[in-house]
Amino acid sequence: MGKRSIWRVMVLLALITYHLSLVSSCTEAQEHTAGAINPEDSVSVMTTYGVNTLISDSGVIKYRIVTERWDVNTVRQPSRWEFMKGVFFEQFDELFHVQAYIQADTAWYFDKKRLWKLRGRVNIRNVKGLIYTSEELYWDGLKHEFYSTVFSRVVTPERTMEGTYFRSDEKMEHYLITNSKGSFMAADMDDSEEEPSASESGDSSTGEYVRPAPEKHRRD
């Protein structure tokens, strides 16, 4: 066999080998796929739109909930209701009289703990004219109280108060604000000249929690 024939055979073998390697690489190609979502850990078991419903507590209607979207998720821990489009409450007494309005941009209700977490522009107004505003508020359904550890503002017909700790009953009638400052009516102030000026104004410049006289921060 001449040199030219041997060269042709070598070229032909090289082409065949290259072709087979291409076929092999195609057949052995691996798919790059993401893992399966397990097990629907972020999927709500119920999503309801345009909600306007009454909620009972211990067999008594206590609240009306109005929201654009209501998600119920029992898979996530702890299980929760989610109101990502905002929520509006009406709170009733035993005679079905409205006691307060509550509004927030976002809310979560942890049903096992009976605990609400309200975020965003949180606003509350009760029948006595009290207006509460904050960026975050918790509502404990077991203890029947509100509390917050961020800046809160309370305005009543008689006074205005601000502080970084707030606690109140559900009717917003008996409340406490600490690490606070505010303005008060003259009738709310003690006549005693021995009381320090910071305590008279309800202002704590040290940053520590202070509890002024009950007439200033609690309403019985």
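A residue is called buried when its relative accessible area is under 20%, exposed when that area is over 50%, and partly exposed in between, using a 1.4 Å probe and protein chains only. The model is a predicted one, in which local features need pLDDT of at least 70 and side-chain atom pairs count only at pLDDT 80 or more, while totals for chains, interfaces and linings use all residues. Residues are numbered from 1 along each chain as its sequence is written, and side-chain values use heavy atoms, with hydrogens and water left out.

**First stop: arginine 167 and its partner**

Arginine 167 belongs to strand S11 and glutamate 145 to strand S9 (residues 145-148), so the pair ties together parts that are 22 residues apart in sequence. Strands here are DSSP runs of E with at least two residues, numbered from the N terminus.

**Second stop: two further salt bridges**

How many salt bridges does a search of the whole structure find? The search finds eight, and one of them joins arginine 119 to glutamate 136, with the closest N and O atoms 3.5 Å apart. Because arginine 119 lies in strand S7 (residues 115-126) and glutamate 136 in strand S8 (residues 131-140), this pair ties together parts that are 17 residues apart in sequence. Arginine 119 is partly exposed at 34%, whereas glutamate 136 is buried at 14%. Next, select glutamate 162 and arginine 153, whose side chains meet in a salt bridge of 2.3 Å, N to O; glutamate 162 is buried at 19%, and arginine 153 is partly exposed at 32%.

Now move to glutamate 170, in the loop between strand S11 (160-169) and strand S12 (175-183). Glutamate 170 is buried yet has no salt bridge, and the nearest side chain of opposite charge, lysine 62, is 5.7 Å away. For charge, Lys and Arg count as positive and Asp and Glu as negative, while His and the chain ends are not counted. The side chain of glutamate 170 does make a polar contact of 3.4 Å with the side chain of histidine 144. Such a contact is a pair of N or O atoms within 3.5 Å; within protein, one must be able to donate a hydrogen and the other to accept it, and residues adjacent in sequence count only if both atoms are side-chain atoms.

**Last stop: aspartate 93**

Finally, select aspartate 93, found in the loop between strand S4 (87-92) and strand S5 (98-104), and note that aspartate 93 is buried, with a relative accessible area of 14%. A polar atom of its side chain lies 3.0 Å from the backbone nitrogen of phenylalanine 96, and the side chain of aspartate 93 also makes a polar contact of 3.2 Å with the side chain of glutamine 99.

Technical notes:
Helix = DSSP H or I, 4+ residues; strand = E, 2+ residues; numbered from the N terminus. Salt bridge = Lys/Arg side-chain N within 4 Å of Asp/Glu carboxyl O.
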